[in-house]
Amino acid sequence: MSRSCDPRDAADPGGARAPAPVGGGEAPARGAGAPLAVVVMGVSGCGKTSVGEALARRLGARFVDADDFHPPANVEKMRAGTPLDDTDRAPWLARLNAVMRHSVAKGEPVVLACSALKARYRAALAERLPGLRVVHLAGSFELISARLAQRQHRYMPASLLASQFEALEAPQDAVTVDVDASVEALAEAAARGLTGAREAVKEP
Ligand SMILES: Nc1ncnc2c1ncn2[C@@H]1O[C@H](COP(=O)(O)OP(=O)(O)O)[C@@H](O)[C@H]1O
Ligand SMILES: [Mg+2]
């Protein structure tokens, strides 16, 4: 079942209020129903890194960016503007799964930013992590390409965005947020969607 969480419903849509506490202040409150492992997914430029970091702060979780775990051969391919194939992705996804399992085994909540566009990639990430939850940052091609145009990414030319939208298999069982809002409003909406899951999945 699909769960939608409109960030514009958040109490702080403009991001004007102080965000959740950051390092140095009081420890972030871990929501009672907060999951131990979360994947923040979506096409390049949708805000996975920005919102993932903000969500991790809110949940008191470790933040992991999947981009940092690519083997060098994958990085070279992406630099050249060539989309990765599933053979390229397999060891990368297995490594990310292992990183999350390591955190969960220690009782350390973890938020992973990872495009995870296809159901089989998400299945690979969820291997032996049955409680893994997914946040999908969804938005229009126009909005996301405008954001990408302003960003110099290490190895994701904006020309790859179209192929990302083609590859996207939108998840049905995720907390979905519309990215047309501030980073903090999105993190708040995602956190609410995750911690309020029990009510949200109840059949009418
Ligand atoms: N909600 C947002 N509002 C405005 N700008 C955003 C938002 N989310 C991300 N950005 C900007 O868009 C660009 C892409 O965001 P990023 O987090 O790097 O995306 P991803 O990790 O999914 O590729 C960055 O320049 C970032 O600062
Ligand atoms: Mg990123």
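Which residue just after helix 1 takes a positive phi? That residue is G60, with a phi of about 65°.

Before going on, a bit of housekeeping. This is a predicted model, where local features need pLDDT of at least 70, side-chain atom pairs count only at pLDDT 80 or more, and totals for chains, interfaces and linings use all residues. Residues are numbered from 1 along each chain as its sequence is written, while chains are lettered from A and ligands numbered from 1 in the order in which they are written.

**The overall layout**

The protein chain has eight helices and six strands. Both kinds of element are DSSP runs numbered from the N terminus (helices are H or I with at least four residues, strands are E with at least two). Reading along the sequence, you get β-β-α-β-α-α-β-α-β-α-α-β-α-α. Of the 204 residues in the protein chain, 37% are buried.

Take strand 2, residues 37-41: five of its five residues are buried. A37, V39 and M41 point one way, and V38 and V40 point the other way. In a regular strand, side chains alternate between the two faces of the sheet.

| Strand 4 (residues 110-113) | parallel | four | A37 and V110 |

Helix 1 has twelve residues and reaches 16 Å from its first C-alpha to its last, close to the 16 Å expected. That expected span is 1.5 Å times one less than the number of residues. Nine of the twelve residues are buried, including K48, V51 and L55. The cover over the buried residues includes strand 2, strand 3, strand 4, strand 5 and helix 7.

**The core**

The largest nonpolar core has 46 residues, and V39, V40, L55, L112, V135, L186 and A190 have the most contacts inside it. Helix 7 gives the most to this core, with seven residues. A core like this is a set of buried Ala, Val, Leu, Ile, Met, Phe, Trp, Tyr and Cys residues joined through C-beta atoms within 7 Å. In soluble globular proteins, nonpolar side chains tend to be buried together.

Zoom in on V135: leaving aside its neighbours within four places in sequence, its contacts include V38, V40, M41 and A190. A contact means C-beta atoms, placed from the backbone, within 7 Å.

**One loop residue**

Why does H70 count as buried? Because it has 21 other C-beta atoms within 10 Å. H70 is found in the loop between strand 3 and helix 2, and it touches V75 and W92, not counting residues up to four places away in sequence.

Notes
Buried ≥ 20, exposed ≤ 12 C-beta atoms within 10 Å, placed from the backbone. Pairing = 2+ DSSP bridges. Contact = placed C-beta atoms within 7 Å.
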